Amino acid sequence: MRKPIIGGNWKMNKGTPSEATEMLKKLIPLVKEINSVDIVIVPPFTALYSTIECVQNTNIMVGAQNMYFEEKGAFTGETSPLFLKELGCKFVILGHSERRDIFKETNELVNKKLKKALSLGLNTIVCIGEHLEERETGRTKEIIENQFSNTFKDLNNEEMSKVVIAYEPIWAIGTGKTATPEQAEEIHVFIRELLTKNYNKKTADIVRIQYGGSIKPKNAEDIFKKENIDGGLVGGASLQADSLYEVIKAAETSIK
Ligand code: PGA
């Protein structure tokens, strides 16, 4: 019912046009028959233009890793969502844990960015997730609920339906430690319950919830098979065409 979505978040890697294009030229033929999974490549800003050019007339969409909530003006170093749209970006990642932890982005800031993106028709992948010590002290659901209510504050059902949520336990990002499929599914179920409680059942059924955190070809299928997991946000394994292809294939095989 929900189309799986795989995001390849390159982070601060492959940011030159030639590096990006080299990877994409390998990926495009591998994935060209896959139509049952949404594929979104998210390169650094400096490679956005060449990435968008390279994937024209393919089944690959392009996203940005961040944006500002204003459209233009004196905001040195920031990127307007209007620029992203004009360039041909279909998605933007908001509130990635690295933005939250390293660059101190708050739920309130992510909420402002999210509302702006939605108002301009830019699709969003919004990340939430707990730190290790929060999990170890049994506070995962409390943290997720707090992030959920503040990050998605004042969205109506129609707006919420357009958001892709990425559940990314921070202790699993780039660490090689993956949540078990059961641990991930438990929180995906919880997020879907929050959607039902704060919005309605229809919205809860529509919203895609990706898992992120050390997804690799070898663990992807077991994770994606879970009923409430609608694909993944992939960092490390998205840098090589072969491994990203295998993860995308796992999402295709796991369609419920
Ligand atoms: P990872 O990153 O796959 O390298 O753990 C995932 C993410 O940060 O989105």
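Tutor: Rings of Phe, Tyr and Trp count as a pair if their centres lie within 6.5 Å. This model is predicted.

Student: Which residues form one aromatic cluster here?

Tutor: Tyr-68, Phe-69 and Phe-75 do. The count of aromatic pairs comes to five. One of them joins Phe-148 and Phe-152, with 5.1 Å from centre to centre and 75 degrees between the planes.

Student: Is that pair stacked or edge-to-face?

Tutor: Planes over 60 degrees apart count as edge-to-face, and Phe-148 with Phe-152 is such a pair.

Student: Are Phe-148 and Phe-152 buried or exposed?

Tutor: Both are buried. In soluble globular proteins, nonpolar side chains tend to be buried together. Here the largest nonpolar core has 68 residues, and Phe-152 is among those with the most contacts inside it, along with Ile-165, Ile-191, Leu-195 and Phe-224. A second, separate core has ten residues, including Ile-5, Phe-91, Ile-125 and Val-164.

Student: What does Phe-152 touch, not counting residues up to four places away in sequence?

Tutor: Its contacts include Leu-114, Val-126, Met-160, Val-163 and Ile-165, as well as Asn-111, Gln-147 and Tyr-199.

Student: How do I read the ligand site, and which residues come nearest?

Tutor: Start with the residues around the ligand. There are 13, of which Lys-11, His-96, Glu-168, Gly-174 and Ser-214 come nearest. The shell divides into four nonpolar, seven polar and two charged residues. Then look for polar atoms facing ligand oxygen atoms. A polar side-chain atom lies 2.8 Å from such an oxygen in Lys-11 and 2.7 Å in His-96. For Ser-214, a polar backbone atom is 2.7 Å from a ligand oxygen.

Student: How much of the ligand does the protein bury?

Tutor: The ligand alone exposes 290 Å², and the protein buries 97% of that.

How values were computed: Residues are numbered from 1 along each chain as its sequence is written. This is a predicted model: local features need pLDDT of at least 70, side-chain atom pairs count only at pLDDT 80 or more; totals for chains, interfaces and linings use all residues. Side-chain values use heavy atoms; hydrogens and water are left out. A nonpolar core is a set of buried Ala, Val, Leu, Ile, Met, Phe, Trp, Tyr and Cys residues joined through side-chain atoms within 4.5 Å. Buried means under 20% relative accessible area, exposed over 50%, partly exposed in between (1.4 Å probe, protein chains only). Contact means heavy atoms within 4.5 Å. A residue is near a molecule or strand if one of its heavy atoms lies within 4 Å of it. A polar contact is a pair of N or O atoms within 3.5 Å; within protein, one must be able to donate a hydrogen and the other to accept it, and residues adjacent in sequence count only if both atoms are side-chain atoms. Accessible areas come from the Shrake-Rupley method with a 1.4 Å probe; for residues, only the protein chains shown count as cover. Ala, Val, Leu, Ile, Met, Phe, Trp, Tyr, Cys and Pro count as nonpolar, Asp, Glu, Lys and Arg as charged, and the others, Gly among them, as polar. Rings of Phe, Tyr and Trp (its six-membered ring) pair if their centres lie within 6.5 Å; planes under 30 degrees apart count as stacked, over 60 as edge-to-face and the rest as tilted.
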